[in-house]
Amino acid sequence: MNASQNMMTPSCPAPPSPEIAARTEEIFASSRRSNFQRTDRFFAVLMLVQWLGGIAAALLISPRTWAGAYSDVHIHVRAAVFLGGAVAAFPILLALLRPGEASTRHVIAVGQMLSSALLIHLTGGRIETHFHVFGSLAFLAFYREVSVLVTATVVVAADHWVRGLYFPQSVYGVLTVDRWRWFEHAGWVIFEGVILVLYCRRGRIEMRRLASQQAQLEATNRIIEAEVAQRTADLAAGETRLRMYAASLESANSALAEGKAQLERKQRELEELNAALEQATREARAASEAKSAFLANMSHEIRTPMTAILGFGDLLVDAEHNASDRLNYVNIIRRNGQHLLMLINDILDLSKIEAGMMKVERTLVNPGRVLADVAALFGERAGEKGIRLDVQLDGPVPERIVSDPVRVKQALVNLVGNAIKFTSAGGVTVRLGFEASRGAVVYHVADTGPGIPAEVQTRLFEPFVQADASTTRRFGGTGLGLTISRALARMLGGDLTLESRSGCGSTFSLRIDAGDVSGVPMLTSLESARAELESATASRRLPRLHGRILLVEDGPDNQRLIRGILRRAGAEVDLAENGADGVEAAMKARDEGRPYDVILMDMQMPVMDGYTAAAELRARGYTSQIVALTAHAMSGECQKCIDAGCDHFLSKPITREGLLREVAERLAFVAQI
Amino acid sequence: MATGAAVWATVLFFGGKRIVEYAARPGSSAAPDMYWPAGSRIAHPADRPALLMFLHPKCPCSRASLSNLERILSFGASRVRCTVVFVCPESVSESWRDSDLVGKCRVIAGLSVMFDDGGAEARRFGATTSGHVLMYDARGRLFFSGGLTPARGHEGDSSGMDAVRALISGATPVSVMTPVFGCPLFEPELAAGLGTGAEE
């Protein structure tokens, strides 16, 4: 068969599957059963209405029967009530109790046709009422079952046949009729019945077609439901995957956010680091600039007194000057020398502080005596400037505290010295107080000087800083005093603070930790401190020396200076040019039975330095006192000298008082032995 | 089920039999005179046949008789003088003269209506059952006596209708006497005086 033949041949629907066919029959049977039951219920209502209608018709048409003036209830009314009720009762009962049963619908068919007969009778055989028969048949066709129509038709035919036999005039109006006349009446009923049979058949075919469609629809629905279930499962799986993807994305987002936060944090840290670096750079640059300025300042500070020293030294050599001028020149040289010494000491102290090598002692200190000592030290200078210097107690103060008297005095000297230096009128007041709550003594140094601008106060304690560059030129100084003083105060458990307004003077407060002062008597005036100071000053008369001293020094100037001081104090002094000569001289004197009581040993000399010489002497069993003379003021130097074999040491520059007291103590130590 | 059906069928059978028997049972009638009664107040027409129908004003069965009469008159009203005589018992209210049946008669063309209070004319013509029809020729000779319905209260073709139609059209009827189905015109004791018995 070719394609054209295929196109010409009408397509036949594929036979339904056995499953669909079985389901079709099941639905068809169910539909028929439902239709039977539904129609049964319909007829139950219809027959009830018909019964009531028959009663109403009887009451309307023939309520009473008459005989002259006498009347009674018409038999049609009784028939409508009782016979009509009997006709309707049994079918209604079956419709309610046994709906859907074949017997029920056949009884209904019989009852419905008898209802028609009774209604026709009650209405006097009116031709219009006969339409009730055809209407009833049409209603019975609702069952879509031919047998029901057959039953109804048989009832009609039987009614006419029987009445034709026994009461023909009630049906045909005449007493004698053709024996088949009943068939004419029944024929019309059969005619309608045939039509209704065709309707029923079509109805059943339609019901079966609908059942088939429903079965196919159900099958299709099952397929669709299975497909939907599969799709739903796929969607659920897809949704699960999507959720997992979403969770992964959220996790990735979280990681990204965390990474972003870390990056931002790193960026902030970098920015902070950059800022810190910039700040450090600025600070380093500032420090560099400050150090450059400091070096320039130091150069100036050093060159200025050196110029005076050298210049006035030259003038001393000139014989033209008289003794008075020469004495004046010497004082100038001494003052400039002391200034140089102060400068060098400040530099060394700052170096120690910055290197963390500054040490403080913990011993008993009389804060009132420190105050009196400083006042005595600066009293003359204040008087020379025409300003007053007042010292006073600001309440009771412990007579003794535990601190470092040298460093306390050093800090206080700085403050008072500055106050006098920057005050041109008025005066300087130093008040000593005790803050019991902090356990600290406080020296308030107040001046009536120009005051310090606020913008300078914040950096006034930084190294190499003064109020302005012109300060150095006007007042001199290194710019290290306040830095050193604050560092000392903090090392002593206190602090150094400033209160000042430009034009209103300044007040520096030096707090020193007092240590344990329980049970310590309190000072109420400075008189006892001043008395103690005067007593100590009186005891400072230069001692007389009695003993043999070997000075090992390579510098001729120092040889001349030190030998002159010692001889003038009464000592016998021999010289050695270097360490080796010193060792030989010392050993020779010991061997001769005239050992030296003290050897003053310069530590830096040609041929043999002081360290080697001291060690050599100790190595040879030399036991006399050896005092090191060193220009190295660092604390490590002291220990180095001790380690080499020295008993003590003196730092250069050497003052007459310091030298004589040290040598006197060594000689006294020897005498005690 | 079967017992119920049997009981049901039995009840219906006897119930149906009862009403069919009632419908098929004719009323009583006296033998009428063969000529128009001489003492009647009802005038006999000399030019054509006369048809008299005696009716009880409230008889529901007589609607069928009147309907059949109307059907007859619909094709031959001019050939016969038709009079409906309503027989009213004595001492009844005037409303009897305005019953539905009287009203229906008044609207039928070619029909004369008269009232026979006390039933003297009915008795004179020998009519005892509502729906009784008497037909006389132009000379006053009785042609037909009987009812026009096939059963009590039932419309439709009947032997009486066929006979009256034939007489009006000049043909020979199959029967000239038919049973009358309707209510008695008189109460039983009165009817008994006429030698008839009323049903119901």
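Colleague: What share of the 673 residues in chain A is buried?

Modeller: Buried residues make up 33% of them. To be called buried, a residue needs 20 or more other C-beta atoms within 10 Å of its own; with 12 or fewer it is exposed, in between it is partly exposed, and the C-beta atoms are placed from the backbone. This is a predicted model, in which local features need pLDDT of at least 70 and side-chain atom pairs count only at pLDDT 80 or more, while totals for chains, interfaces and linings use all residues. Residues are numbered from 1 along each chain as its sequence is written, with chains lettered from A and ligands numbered from 1 in the order in which they are written.

Colleague: What makes strand E8 (residues 440-447) of chain A largely enclosed by the rest of the structure?

Modeller: Seven of its eight residues are buried, so the strand is largely enclosed.

Colleague: How many bridges join E8(A) to strand E10 (residues 506-513) of chain A?

Modeller: Seven bridges join them, and the strands run antiparallel. One pair to find is A:His444 with A:Ser509 in E10(A).

Colleague: Which strands of chain A make up the open sheet of five, and why are two of them called edge strands?

Modeller: The order is E4-E7-E8-E10-E9, with mixed pairing. Strand E4 (388-394) and strand E9 (495-500) of chain A are the edges, as each pairs on one side only. Neighbouring strands are turned by 15° against each other on average, direction ignored. Helix H14 (residues 481-491) of chain A packs on this sheet, touching E9 and E10 of chain A, and its direction makes about 130° with that of E9(A). Helix H11 (residues 405-422) of chain A lies across E4, E7, E8 and E10 of chain A, at about 15° to E8(A). Such angles run from 0 to 180 degrees between N-to-C directions, with axes fitted as lines to C-alpha atoms, for helices over the stretch in contact.

Colleague: What makes the crossing of H4(A) and H6(A) right-handed or left-handed?

Modeller: A crossing is right-handed if the near helix is turned clockwise from the far one by less than a right angle, and left-handed if anticlockwise. The crossing of H4(A) and H6(A) is right-handed. Helix H4 (residues 102-122) and helix H6 (residues 146-166) of chain A pack at about 35°, with their axes 9 Å apart. The residues of this contact divide into nine nonpolar, three polar and two charged. Here Ala, Val, Leu, Ile, Met, Phe, Trp, Tyr, Cys and Pro count as nonpolar, Asp, Glu, Lys and Arg as charged, and the others, Gly among them, as polar.

Colleague: Which residues have the most contacts inside the largest nonpolar core?

Modeller: They include B:Leu51, B:Met53 and B:Val133, in a core of 48 residues. A nonpolar core is a set of buried Ala, Val, Leu, Ile, Met, Phe, Trp, Tyr and Cys residues joined through C-beta atoms within 7 Å. Leaving aside neighbours within four places in sequence, B:Met53 is in contact with B:Ser65, B:Leu69, B:Val84 and B:Val133.

Colleague: How many residues of chain B are in contact with chain A?

Modeller: There are 38 of them, meeting 30 residues of chain A. Contact requires that the C-beta atoms of two residues, placed from the backbone, lie within 7 Å. H1(B) gives the most to this side of chain B, with 11 residues. The residues on that side divide into 24 nonpolar, eight polar and six charged.

Conventions: Helix = DSSP H or I, 4+ residues; strand = E, 2+ residues; numbered from the N terminus. Pairing = 2+ DSSP bridges.
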